[in-house]
Amino acid sequence: TPGGITWDGSSFWMFATSQSRIYQFQIVGSGTTTLSYFEAPTQVIGGGITNDLAWDGVNLWYANEYKVYKLDTAGNVLSFFAWPKNVAGLDWDGSHLWITYKDDTFANTIFVAVDTSGNVLGTFTSPVFDIESIAWGSNNHVWGFGSDSFAGTGKIYELDLSAAKAT
């Protein structure tokens with residue numbers, strides 16, 4: 001069961017909740033080839049737990065609920081920080097990490113730019129109710145998978161975070 005995915009420029013990295021492992025793989029024809037895998041720093045197996053991955057150009061970032069880990073490509077924990085909210089989405093914009101979470105109300109998802117120690121650099125309230133996973137695009141745009149309501153159907157949204165980056 002995939003719980004997060006990222007691209008490093010030549011291969012994909014995916015967290016599998018069914019095994020609590022992070023896999024590196026490539027798509028070959030209509031199939032995949034596993035290049036490597038390692039145990040995730042958290043051993044939580046099963047669905048319903050938020051996870052996501054990001055690539056910063058050198059290392060992987062792995063979010064599991066209330067912690068964000070910086071990992072080398074062999075799975076060694078290089079650093080981590082705690083986050084006060086349940087992390088739903090994680091990605092790297094070339095300079096900063098972006099975290100998404102739902103606050104304690106029934107408001108829309110919150111986007112937060114943080115440095116690599118977890119210090120908040122800026123926030124942005126999403127126009128979309130629920131964003132579960134994100135991928136950074138070009139020109140300050142981020143792609144998010146989520147829904148516009150509790151009963152909404154999952155969709156992919158493109159959001160412009162220019163204002164959030166400016167602050």
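This report walks through a few features of the structure shown above.

## About the model

The model is predicted: local features need pLDDT of at least 70, side-chain atom pairs count only at pLDDT 80 or more, and totals for chains, interfaces and linings use all residues. Residues are numbered from 1 along each chain as its sequence is written, and side-chain values use heavy atoms, with hydrogens and water left out.

## An open sheet of four strands

Let's begin with a sheet. Strands here are DSSP runs (E, at least two residues), numbered from the N terminus. Strands of a sheet pair through backbone hydrogen bonds, either parallel or antiparallel. In this model, four strands form an open sheet in the order β5-β6-β7-β8, with antiparallel pairing; two strands count as paired if DSSP finds at least two bridges between them. β5 (51-55) and β8 (77-82) are the edge strands with a single partner each, so one side of each has no neighbour in the sheet. On average, neighbouring strands of this sheet are turned by 20 degrees against each other, direction ignored (axes are lines fitted to C-alpha atoms, and angles run from 0 to 180 degrees between N-to-C directions).

Look next at β7 (residues 67-71), which is joined to β8 by five bridges, the two running antiparallel. Here Tyr-69 stands opposite Phe-80 in β8.

Gly-146 has Lys-155 in β15 as its bridge partner.

Most residues other than glycine have a negative phi. Asn-139, however, has a positive phi of about 55 degrees, and Asn-140 has a positive phi near 65 degrees. Asn-139 is exposed, with a relative accessible area of 66%, while Asn-140 counts as partly exposed at 26%. For these words, buried means under 20% relative accessible area, exposed over 50%, and partly exposed in between, using a 1.4 Å probe and protein chains only.

Leaving out residues up to four places away in sequence, Ser-126 touches Asn-108, Thr-109, Phe-111, Ile-131 and Leu-159; contact means heavy atoms within 4.5 Å.

The side chain of Ser-126 also reaches the backbone nitrogen of Val-128 at 2.9 Å.

## The largest pocket

Rolling a probe the size of a water molecule over the atoms shows where empty space is left. About 480 Å³ of space lies in the largest pocket. A pocket is an open set of points on a 1 Å grid over the protein atoms alone, where a 1.4 Å probe fits, with protein on both sides within 12 Å along at least five of seven lines; lining residues have an atom within 4 Å of a point. The volume is the space filled by probe spheres set on the points.

The largest pocket is lined by 20 residues, and the closest to its centre are Ala-88, Glu-132, Ser-133, Ile-134 and Phe-145. Which strand gives the largest share of the lining? β13 does, with six residues.

Methods. A polar contact is a pair of N or O atoms within 3.5 Å; within protein, one must be able to donate a hydrogen and the other to accept it, and residues adjacent in sequence count only if both atoms are side-chain atoms.
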